[in-house]
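Me: Please take me through this structure slowly, and tell me at each step on what grounds a thing is called what it is called.

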Amino acid sequence: MNIAVIGAGYVGTTTSVAFAEYGHKVIVVDHDLKKIEKLQQSILPFYEEGIEDLLKVLITKGNISFTENVNSAINQSDLLFITVGTPSLDDGVADISYVEEVARTIGQHMNDHKIIVIKSTVPIGTGDKVKDIINEELANRNKQIPFDVVSNPEFLREGKALHDARYPERIVIGCNSKKAEKEMKDLYKEVNAQLLITSVKDAEMIKYASNTFLATKISFINELARLCEKMGVDITNVAKGMGLDSRIGPQFLHAGIGYGGSCFPKDVKALKALSLQEKIPLHILEAVTHINDTQAEWFMQKVKNTLGDLSGKRIAILGLTFKPDTDDIREASSIKIIDFLIKNQAVISAYDPKGIEHVKKIFPSITYTSTPFEALQGADAIILVTEWKDIIEIDWKAAKNSMNQPFLFDGRNALNASRMVKLGYSYFGVGLPSN
Ligand SMILES: NC(=O)C1=CN([C@@H]2O[C@H](COP(=O)(O)OP(=O)(O)OC[C@H]3O[C@@H](n4cnc5c(N)ncnc54)[C@H](O)[C@@H]3O)[C@@H](O)[C@H]2O)C=CC1
Ligand SMILES: O=C(O)[C@H]1O[C@H](OP(=O)(O)OP(=O)(O)OC[C@H]2O[C@@H](n3ccc(=O)[nH]c3=O)[C@H](O)[C@@H]2O)[C@H](O)[C@@H](O)[C@@H]1O
């Protein structure tokens with residue numbers, strides 16, 4: 001099949017690579033020329049394991065190409081995927097202006113039947129808006145060209161993007177026409193995944209419901225962790241015990257210092273805003289946001305209560321990205337934590353394998369190191385913010401010996417608490433009984 005993917009970000013690039021691997025011909029479009037030039041040389045504008053190598057192969061094979069020329073991409077393709085960003089506006093509403101702009105462009109350039117597939121995460125009813133915009137543009141051109149609008153939300157995770165795009169657990173296709181349904185089924189015929197066909201609006205809601213439910217699980221366990229800690233109960237055992245019930249499941253019950261990233265915070269806000277617009281407020285999302293907004297602060301109060309006045313204290317921050325295996329720092333807990341420490345006049349040295357360049361732009365004057373070990377030299381405390389493998393696996397015995405005092409605050413419950421205590425650390429996790 002001939003496919004155009006408009007928006008060469010995380011989702012656009014990763015799904016294009018997967019489509020090209022199935023043997024389709026994919027043209028990826030972005031209005032950012034610098035991005036396109038890099039991608040033409042197989043250089044990704046973000047860090048994601050495995051994609052660059054695959055890109056080289058697929059470009060050489062001729063299965064994937066990159067362009068800023070949207071017009072020719074539209075007219076060479078039968079399926080047009082929209083994968084542009086849908087960031088939050090100030091009131092939390094999802095900004096669909098980039099999606100609308102692409103719809104307008106499609107209406108201005110298409111010359112024969114197209115299936116327009118919205119992969120961006122969009123508010124319920126966006127499919128109808130896209131249809132209206134394209135019809136308007138066609139009317140302006142005095143053209144009557146048939147087209148279908150489909151919702152095909154994306155569920156990939158950063159850090160595991162290629163794996164998730166290759167082996168999705170489910171494919172949701174929201175469409176209102178048999179022709180589009182058949183084409184979409186053909187597109188994914190190589191993929192071994194559960195397929196669900198719904199209306200466009202249902203599919204749009206499935207995406208928001210999935211992300212906000214996962215965020216709810218995290219906020220539930222995080223708030224419960226606060227109570228567990230107060231009562232001498234171990235949240236990790238509680239989560240394990242809960243997760244053994246297949247109706248609950250073990251995933252997304254890992255207590256920590258809050259969820260971050262480009263999607264959970266944005267999508268929770270967007271669904272909340274939508275519910276308010278419809279005057280059916282989703283109160284649960286109010287609580288989910290509140291817990292997440294205060295989780296890092298709750299943790300930092302514990303740091304402050306333990307260490308006392310933080311002024312002049314040397315604090316090592318290990319991990320800056322919102323999760324391991326990505327260079328993404330959007331809504332990362334590290335930002336709130338560094339901000340708190342700066343306000344309290346602590347002396348910070350920070351390490352991350354991939355996120356330093358991005359964090360430097362926000363906090364240019366703290367110290368950044370190229371190894372975790374350098375960051376903790378002479379430190380009064382370590383705060384583990386992101387559970388990167390190379391951080392978890394440092395020589396914790398040697399690390400303790402090079403600190404000024406062995407306070408270890410593990411914001412992800414990523415280390416073995418009793419081992420750390422045996423090594424001589426004063427160890428604090430999230431929702432653990434005090435040692
Ligand atoms: N990042 C992720 O892991 C996931 C994101 N999503 C959703 O997918 C959508 C895209 O997200 P990301 O890929 O992270 O965004 P991104 O910000 O990485 O990429 C969006 C790209 O679209 C381009 N763009 C914007 N307007 C354009 C236009 N008119 N013409 C051509 N290119 C244009 C931008 O230059 C940018 O390269 C969002 O709605 C997001 O919520 C869904 C699942 C996973
Ligand atoms: O719409 C999206 O963008 C994507 O959002 C999330 O993916 P992602 O944000 O890449 O990362 P997750 O692995 O879900 O982690 C999100 C945040 O939750 C935190 N988290 C996760 C799980 C957990 O048990 N506890 C916890 O605190 C992580 O540390 C991280 O900060 C979803 O998992 C994807 O299915 C979805 O496609």
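Reply: Helices (H or I, at least four residues) and strands (E, at least two) are DSSP runs, numbered from the N terminus. Lys207 lies in helix 9, a run of residues 200–231. This is a predicted model, in which local features need pLDDT of at least 70 and side-chain atom pairs count only at pLDDT 80 or more, while totals for chains, interfaces and linings use all residues. Residues are numbered from 1 along each chain as its sequence is written, and chains are lettered from A and ligands numbered from 1 in the order in which they are written.

Me: How do you know which residues surround ligand 2?

Reply: A residue is near a molecule or strand if its C-beta atom, placed from the backbone, lies within 6 Å of it. By that rule 20 residues surround ligand 2, and the closest are Glu158, His254, Tyr259, Gly261 and Cys263. Helix 9 gives the most to this shell, with three residues.

Me: What makes a residue of the shell around ligand 2 nonpolar, polar or charged?

Reply: Ala, Val, Leu, Ile, Met, Phe, Trp, Tyr, Cys and Pro count as nonpolar, Asp, Glu, Lys and Arg as charged, and the others, Gly among them, as polar. Sorted in this way, the shell around ligand 2 holds 10 nonpolar, six polar and four charged residues.

Me: Which residues come nearest to ligand 1, and what is the make-up of its shell?

Reply: Of the 26 residues around ligand 1, the nearest are Gly7, Gly9, Val11, Ser120 and Thr121. The shell around ligand 1 divides into 10 nonpolar, 10 polar and six charged residues, and helix 1 (10–21) and helix 5 (97–109) each supply at least two of its residues.

Me: Why do the residues that UniProt lists from Phe155 to Lys323 as "binding site" not all gather at one spot?

Reply: The unreviewed UniProt entry lists, among others, Phe155, Glu158, Lys207, His254 and Lys323 under that name. They span 169 residues in sequence and the farthest two C-alpha atoms are 24.0 Å apart, so they do not all gather at one spot. UniProt positions are given in the numbering used here, feature names are shortened, and annotations may be inferred rather than shown by experiment.

Me: On what grounds is the chain divided into domain 1 and domain 2?

Reply: Domain bounds come from an automatic or database domain assignment, and here that assignment gives domain 1 (2–198) and domain 2 (213–428). Their centres, taken over C-alpha atoms, are separated by 34 Å. Two residues are in contact if their C-beta atoms, placed from the backbone, lie within 7 Å, and by this test 14 residues of domain 1 are in contact with 16 residues of domain 2. The shell around ligand 2 draws at least three residues from each of the two domains.

Me: What makes strand 13 and strand 14 a pair?

Reply: Two strands pair if DSSP finds at least two bridges between them. Strand 13 (residues 407–410) and strand 14 are joined by three bridges in the parallel sense, which meets the definition; in strand 14, Phe428 is the bridge partner of Phe409.

Me: Why are strand 11 and strand 14 called edge strands?

Reply: They belong to an open sheet of six strands with parallel pairing, in the order 11-10-9-12-13-14. Strand 11 (367–369) and strand 14 (426–428) each pair on one side only, and are the edge strands.
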